[in-house]
Amino acid sequence: MTVIPEATLSVLPRADGSARYAHAGYTVTASVNGPIEAQRRDEHAFEAHVDVVVRPAAGTGGTRERHLESIIESSLTQLILVKNFPRQLIQIVLQIETTPDNDYVNTKLVQASLNFPIVPSLLQAAVLALISAAVPMRATATASVVAVVSQEGTKRLVVDPSPRDLEQAQSVHVLAFTSHDELLLAESEGDFTVKEWDGVYEAALKICCRPTSTKAGIDVMLDDSEDAAGSDMRQFLRSTVEAKVAADLYWK
Amino acid sequence: MPREAEPSLNEKQFIVQALGEKLRLDGREFDQYRPLELTFGDQYGVANVTLGKTRVLAKVSAEVTVPYVDRPLDGVFTIATELGPMASPAFEVGRPTETEVLLARLLEKTVRRSGALDTESLCLVAGQKCWSVRVDVHVLAHDGNLIDASCFAVVAALRHFRKPDTSIASGQLTVYTPAEREPVPLSWLHSPFCVTWSFFGDDGETALLDATWAEEQVRVSSCTVSLNRHGEICQIAKLGGVPVEAVALLQCTAVALTKAKEFSTFLDGKLAEDAKRRNKGGFMAELSSENDR
């Protein structure tokens, strides 16, 4: 289990862009091909069609995967400059490699339940792969999942909940933000009040939209004090791409 | 979907001519494999195989189901192969290509029909309950010789896999979670491996092992031999192409045997290494509820 996110860019030799992302027990490999020729039925006269395919680690994809695909697809269509590529297709394949185990239950292969905790990993992998494929985008995105767990009458927020936490969670929320601090995706499941959602929003905002500490200064100090709030996703995205660019431009 | 780009006439001739001069594009010997790598995940039954640039991920899962009516004493064992657009944009979701069908068929013949996994041991209650073991083969990158890489990944994943322990007391079946009892390995009988030969030249006189994607597009014929390290051949598939002389084919099987032995020792080493890594405090022997055969 990785507590801090890990990512590698351009892992597949033949795809236009690819990324492997591992966080909180989930590992996802994403590949992006595009812009390529679209099939007649997918062709839009004025914009590119974004095709997302989610493939589960075990078993064939079902309604659950189709639902995840529709969530990711609608989010990514907002980010990618689809108007620049009329009649084209941008194909994103998200292959789930591992999901965290719950040692206390025997898992069934086909589960009808929703799988919100995987959405941040899928979205993050897709964004990294899109960057790797150099697909023009309006902004990048960061995502996180927050669960509201009630324990002995008090409610607490759990960022990146484990399967055990999810069993006890009252509600699970997935939030994604663009790099301009705009809310991109908000999906919730379970019982919750508006006040609880506000708390979740604040927690997710703190993880996804921490001001980038480009130079050592006040921001860095702030980071240390808020260490318990989870990882800094925006900084992570930035440093991953920076490291890749530095490695690619290094010659001799 | 865009069609796969075919090599140009110049490229084709270059490869063939180089092979005629006993040279391969990547400087390998004719009977040399690309570097083979195998990594296991944190979970049981996940094998990640890289053969040069080809990358295959195999994942095994098991669940309790009802056995087939005509085979009440056997468990269910399936191998699912799906080539998605990740391997190449030419592959479409839900529309199997010829490569995919042939790959699935070969894996089926090599692993399932050769009786590598004892399906009778998957039976829990005759006619009512059995294990359904499923292997999912995900091709992440396709750079030739998919068959050998996939077969190796499937065998490695199955040998690495552990299914939940079960017990039957007074007709009541209990499936233990990993927290209660350490999962147990599958009853594995032998490890078959595929070795694919590609033939070049007008009469197929040049034989290559582990062809890359470029070479596969130029070859005139191919032959897959599946065998285990004892030299027991599970199947030989030569699907069309130019005819190859029987003596040459015999020679191919002889070399295939040495390759199968190499695969076998490599896999055994990797499995032992992984078992050592998992057995941190040395408690594995105590945790295990498995009986020695």
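1. In this predicted model, chain B exposes about 14,200 Å², of which carbon and sulfur atoms supply 51%. Buried residues account for 49% of the 293 residues in chain B.

2. The secondary structure of chain B consists of six helices and 14 strands. Its radius of gyration is 21 Å, close to the 19 Å given by the globule rule for 293 residues, so chain B is as compact as a globular protein of that length. Along the principal axes, the C-alpha atoms of chain B fill a box of roughly 70 × 40 × 35 Å.

3. Among the contacts in chain B with a separation of 6 or more, 71% involve residues 24 or more positions apart.

4. B:Ser170 is not a glycine, yet it has a positive phi of about 45°. This serine, B:Ser170, lies in the loop between strand E8 (166–169) and strand E9 (172–175) of chain B. B:Ser170 counts as exposed because its relative accessibility is 79%, and the cut-off for exposed is over 50%.

5. B:Asp210 also has a positive phi, near 50°, and is a residue other than glycine. B:Asp210 is located in the loop between strand E12 (206–209) and helix H4 (213–218) of chain B. With a relative accessible area of 0%, B:Asp210 is buried.

6. In chain A, the peptide bond from A:Gly34 to A:Pro35 is cis, with omega near -10°. A:Pro35 belongs to strand E3 (residues 26–37) of chain A.

Technical notes. Residues are numbered from 1 along each chain as its sequence is written. Chains are lettered from A and ligands numbered from 1 in the order in which they are written. This is a predicted model: local features need pLDDT of at least 70, side-chain atom pairs count only at pLDDT 80 or more; totals for chains, interfaces and linings use all residues. Side-chain values use heavy atoms; hydrogens and water are left out. Helices (H or I, at least four residues) and strands (E, at least two) are DSSP runs, numbered from the N terminus. The radius of gyration is taken over C-alpha atoms; the globule rule is 2.2 Å times the number of residues to the power 0.38. Buried means under 20% relative accessible area, exposed over 50%, partly exposed in between (1.4 Å probe, protein chains only). Contact means heavy atoms within 4.5 Å. Accessible areas come from the Shrake-Rupley method with a 1.4 Å probe; for residues, only the protein chains shown count as cover.
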